[in-house]
Amino acid sequence: MALTPGGYRSRVVDTTIDRFLTTAGALSIEGPKWCGKTWTSLHHANSVFYVSDPAGGFANRTVAQLDLATALEGAPPHAIDEWQEVPGIWDAVRFHVDAHPKPGQFLLTGSSTPADDAVAHSGTGRFLRVHMRPMTLFESGDATGAVSLASLLAGGEVSVASSRMTLDTVAGLVVRGGWPALVDASPDQAADLATGYVENLARTDMSQIDGRRRDPAKALALIRSLARNTATSVGVAALGRDIAQANGPDLSPNTIVEYLTMMQRLYVLEQIPAWDPALRSPVKLRRAPKRMLVDPSLAVAGLEASVADVKLDPKTLGFLFESLVLRDLLVYTQAMRATLSHYRDDSDLEVDAIISLVTGEWAAIEIKLGQSQIDAAASSLLRLSNKLAANGDPRPAVSIVIVGIGAVAHRRDDGVIVIPVDLLGP
């Protein structure tokens with residue numbers, strides 16, 4: 001019988017985990033701290049070993065260090081939580097799966113990637129990796145899922161339906177974020193905890209990951225710069241200039257790259273790559289990735305902002321809303337075995353998100369805070385479609401505008417589909 005905790009909310013990734021458990025001997029469930037990895041692994045597990053259990057002076061960790069086989073004992077699927085605290089567990093699981101080749105034996109969860117030399121084997125052929133993120137609006141119950149993204153990309157239609165989102169609602173959601181423990185918290189409560197998350201990230205987590213001391217002031221300055229530039233194609237040099245303009249500490253390009261790498265290893269930094277429409281396309285593209293923190297609440301904390309602050313700054317709220325929607329799209333595209341990217345070319349034509357399907361088809365998405373921006377967003381989508389078609393590249397299977405406030409779900413006369421964010425689902 002699975003160890004599903006009381007009150008567990010189903011996650012989009014559950015379907016992927018179920019599928020992978022029928023294929024691989026072991027799964028590695030990876031993602032930022034506090035995103036729900038432990039509860040999700042328990043939902044699929046019949047036994048568990050907590051490496052970081054403090055009982056008996058962290059006896060589990062000590063025992064695992066002395067005898068790795070101890071951590072592997074239990075009915076399958078057997079969950080091993082925070083395995084990276086004893087990196088040898090990875091190789092022990094890999095050896096066990098080699099010796100007993102059956103699917104669905106282990107679920108390993110981790111909030112950071114160990115150093116490259118901490119494990120002897122990559123796990124190829126034995127492990128499958130599952131990336132978890134904070135909850136989407138659909139998972140937290142803030143979106144109905146009446147409009148299925150997967151269905152639209154498969155050629156489905158959209159039914160006319162109205163949104164209930166208001167400025168207050170959107171501001172509250174970006175401040176609260178998608179952390180499972182905060183679904184029922186007020187925005188003010190959530191903001192305090194997100195601030196603590198950012199402070200711990202800068203002061204402790206980025207140094208603990210590999211034992212190298214890093215300057216908390218520099219780490220915090222970089223986090224704040226990422227927050228100011230959330231969901232934009234900001235390069236390393238631009239981050240350095242932004243920190244200097246904010247009278248922050250001096251960060252060399254090498255230091256910025258190092259700190260960004262640590263944030264990726266902690267799964268708190270998303271880098272959405274630029275999209276290339278075709279190998280031989282003559283369209284000249286700009287290649288910088290979009291960078292954002294894994295949840296908009298962390299960007300709000302980095303900005304030291306409140307609900308009232310973001311409501312009074314529509315431009316900033318627009319970028320925060322875009323990062324919220326991109327967070328959800330990353331979850332949904334993973335479930336569809338698709339990839340998410342963005343588009344920007346040398347004429348400064350931009351499209352916020354591109355979903356690429358394994359079939360070769362693709363979808364173009366613009367993300368806008370308010371209804372008044374829909375026409376401009378649709379114009380950009382049609383311009384991209386026509387530009388690529390003129391160069392012999394395929395048009396998108398579907399073009400979508402995702403809107404925060406005041407929209408109605410429908411297909412426009414020009415074919416562009418409008419989806420209020422509180423109706424969007426996987």
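The legends below describe close-up views of a predicted model.

**View 1. The cis peptide bond between P76 and P77.** Most peptide bonds are trans. The bond from P76 to P77 is cis instead, and its omega is near -10 degrees. P77 sits in the loop that runs between α3 (55–66) and β3 (78–81).

**View 2. Two residues with positive phi, N247 and E304.** Most residues other than glycine have a negative phi. N247 is not a glycine, yet its phi is positive, about 60 degrees. This residue belongs to the loop between α10 (236–245) and α11 (253–265). N247 counts as exposed because its relative accessibility is 73%, and the cut-off for exposed is over 50%. E304, also not a glycine, has a positive phi of about 55 degrees. The loop between α12 (296–302) and α13 (307–311) contains E304. With a relative accessible area of 60%, E304 is exposed.

**View 3. K290 and its salt bridges to E322 and D352.** Side chains of opposite charge can pair when their charged atoms come close. K290 and E322 form a salt bridge with an N to O distance of 2.5 Å. K290 is in strand β9 (residues 290–293) and E322 is in helix α14 (residues 314–335), so this pair ties together parts 32 residues apart in sequence. In the salt bridge between K290 and D352, the closest N and O atoms are 3.6 Å apart. D352 lies in strand β11 (residues 350–356), so its pairing with K290 in strand β9 ties together parts 62 residues apart in sequence. K290 is buried, at 4% relative accessible area; E322 is buried at 6%, and D352 is buried at 9%.

Terms used. Residues are numbered from 1 along each chain as its sequence is written. This is a predicted model: local features need pLDDT of at least 70, side-chain atom pairs count only at pLDDT 80 or more; totals for chains, interfaces and linings use all residues. Side-chain values use heavy atoms; hydrogens and water are left out. Helices (H or I, at least four residues) and strands (E, at least two) are DSSP runs, numbered from the N terminus. Buried means under 20% relative accessible area, exposed over 50%, partly exposed in between (1.4 Å probe, protein chains only). A salt bridge is a side-chain nitrogen of Lys or Arg within 4 Å of a carboxyl oxygen of Asp or Glu.
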